[in-house]
Amino acid sequence: MQQIDALQPDRTAMAAMAGAVTDRVLTALNNPPPRLELAGPAADELTRELLQPPAEQPTELGPLLSRLDDVAAQSTDVGDAGFMAYTPSGGLFASALGEFYARAINRYSTLTVAAPGLAAMEYGVVRWLAEVVGLGARAGGLLLSGGSMANLTALVTARYARLGEPGPDTARGTLYVGAEAHYSIAKAARLAGLPSTAVRVVPSGEDLRMDPAAAAAMVAADRAAGLRPFMLVGTAGTTATGTVDPLAELAVLAAREGLWYHVDGAYGGLFRLTDRGRHRLFGIERADSVTVDPHKSLFLPCGTGALLVRDPATLRAAHMVDGACLADVPDHPDLPDLSDQGPELTREARGPRIWLPLHLYGVAAFRAALDEKLDLAEQAHDALVAVPGLVAPCPPDLTVVSFQLRAAGPDPRSIEAADAANAHLLAAVNATGRVMISSATVAGRFTLRLCILSPRTHAGHVEEAVTLIARAARSIHPARGVGRVFRASTG
Ligand SMILES: *Cc1c(COP(=O)(O)O)cnc(C)c1O
């Protein structure tokens, strides 16, 4: 009896457990790891211990929470003020609390009749997100785990809408992405059973934006060859440089060619909350579907993406299959079941984690935070181009600032030397443990980047990053250091 009841603590025990967890979390949040770095080798003692199976007999909560403390101390804080690598994730505490509440009450939001309030909360959030990106009041969509799942769901929806029920002909479907598009689109195509040749990579112009004329020519050639173009994907903020494709021109092309127009705004789409973002994302409002990642540009903890669609009926058409075991479940008149909109049936209720912070802080707070990040990116760009030896070929569209040490000349040997010097610069900056930046291959060149998106990153942190970059750049001066690095790295 005792062991069975062990799974059901009483109210007093629950309060003690929750209090202990809160206490640990607040301690962890207020004592970040002293150095910002990627965790060390995987085979350390903690890893070995965590890989062990659970014991038959109970362990006290305290020691178990200590393991979680160890996990927190040993991992990279991707929402740290100095974290400007990859794409930061803010991890708003209020979101975690909304999540905790939803998990603790554990209602079944997948079927609207079982938890109409939770379904409404998710639909309310989704409709607001769709309004933010300009898809209009009739738009819909659903919350997913991230941008990759949203892009996959978009691709499946687009193919169904344009090519119909999958058949032998489906394999002749083609889609068009920019050279700088996120690899999750190619992954989605593969998961959806398309051959890798179905993903047509449209070249970019000098400015790294997809070239609409080149896209039009590829679509025409593919049609002439008997292929079935069905989807055009623009990117609203590429991962490498934060560049926004010419979204309005791509909308015209998609409409003329009858292609489904998807915009991958996982990183950048929600900058449309700001005036500058609205201006720079002009044309996104004409998409058939848009991916956004609240775990990036709404500062949520990792695990929340959204697919927004102009016509929600297209989502249902692509995903709804009559489920025999749920035949006795009545439909809700206004809010269709979330399970009919996407790939998942049972899932966590994803509304509270975004509804709570949005209402608690108000939309203006998010708009102001994004505006601040845009300011910081402009300042970082201006400061970096003023550093001798550094170039930043494209001013930031959003909050990714890309830069590199200038090559001594246009010849392959100088380029190779500059790439090696840039890798050296990256390592030197990250070795400080004060900030973390990352790299990307842009137009074949090893390029460095800052992505300013943590809600904790303010002017002082960006100034420190620029100072550390400038100091490292001086120590790797192209005239001397580059040649040395080049020789060292090529033996
Ligand atoms: C981050 C990102 C993705 C992938 O999103 P996940 O949430 O990591 O799955 C896709 N596209 C773009 C442009 C991104 O920035």
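1. D70 counts as partly exposed, at 29% relative accessibility; here buried means under 20% relative accessible area, exposed over 50%, and partly exposed in between (1.4 Å probe, protein chains only). Its side chain meets that of R67 in a salt bridge, at 2.8 Å from N to O. A salt bridge is defined as a side-chain nitrogen of Lys or Arg within 4 Å of a carboxyl oxygen of Asp or Glu. R67 and D70 both belong to helix 4 and stand three residues apart, about one turn of the helix. R67 is likewise partly exposed, with a relative accessible area of 27%. Helices (H or I, at least four residues) and strands (E, at least two) are DSSP runs, numbered from the N terminus.

2. The model is predicted, so local features need pLDDT of at least 70 and side-chain atom pairs count only at pLDDT 80 or more, whereas totals for chains, interfaces and linings use all residues. Residues are numbered from 1 along each chain as its sequence is written, and side-chain values use heavy atoms, with hydrogens and water left out.

3. The structure holds 28 salt bridges. One of them joins E464 to R434, with the closest N and O atoms 2.7 Å apart. This pair links distant parts of the chain, 30 residues apart: E464 is in helix 17 (residues 459-475), and R434 is in the loop between helix 16 (412-430) and strand 10 (438-442). E464 is partly exposed, with a relative accessible area of 24%.

4. Salt bridges that share partners join E99, R103, E122, E344, R347, E348, R350 and R353 into one network. E344 is partly exposed, with a relative accessible area of 25%, while R347 is buried at 9%.

5. V21, V25, L26, L29, F93 and L97 make a nonpolar surface patch of about 480 Å². Helix 2 (11-30) and helix 5 (93-105) are the elements that give two or more residues to the patch, and helix 2 gives the most, with four residues. Patches are made of residues with over 30% relative accessible area and no salt bridge; like charges are joined within 9 Å, and nonpolar side chains (Val, Leu, Ile, Met, Phe, Trp, Tyr) within 5 Å. Accessible areas come from the Shrake-Rupley method with a 1.4 Å probe, and for residues only the protein chains shown count as cover. L26 lies in helix 2 and is partly exposed, with a relative accessible area of 37%.

6. The largest pocket has a volume of about 1,700 Å³. Of the 42 residues that line it, V21, V25, L29, F93 and A96 are the closest to its centre. Helix 2, helix 4 (61-74) and helix 5 each supply at least two residues of this lining, and helix 2 provides the largest share, ten residues. By class, the lining has 25 nonpolar, eleven polar and six charged residues. Ala, Val, Leu, Ile, Met, Phe, Trp, Tyr, Cys and Pro count as nonpolar, Asp, Glu, Lys and Arg as charged, and the others, Gly among them, as polar.

7. On a 1 Å grid over the protein atoms alone, a pocket is an open set of points with protein on both sides within 12 Å along at least five of seven lines, a cavity is a set where a 1.4 Å probe fits but cannot get out, and lining residues have an atom within 4 Å of a point. Grid points are joined across faces, edges and corners, and a volume is the space filled by probe spheres set on the points.

8. The second largest pocket has a volume of about 560 Å³. It is lined by 14 residues, of which A6, P58, T59, E60 and L61 lie nearest its centre. Helix 1 (2-5) and helix 4 are the elements that give two or more residues to this lining, with the largest share, three residues, coming from helix 4. Its classes are seven nonpolar, five polar and two charged residues.

9. The count comes to one cavity of 30 Å³ or more. The largest cavity has a volume of about 30 Å³, and its lining consists of T241, G242, T243, C394, P395, P396, D397, V400 and S402.

10. F299 has a positive phi, near 65°, in a residue other than glycine, and at 2% relative accessibility it counts as buried. N106 also has a positive phi, near 50°, but counts as exposed at 62% relative accessibility.
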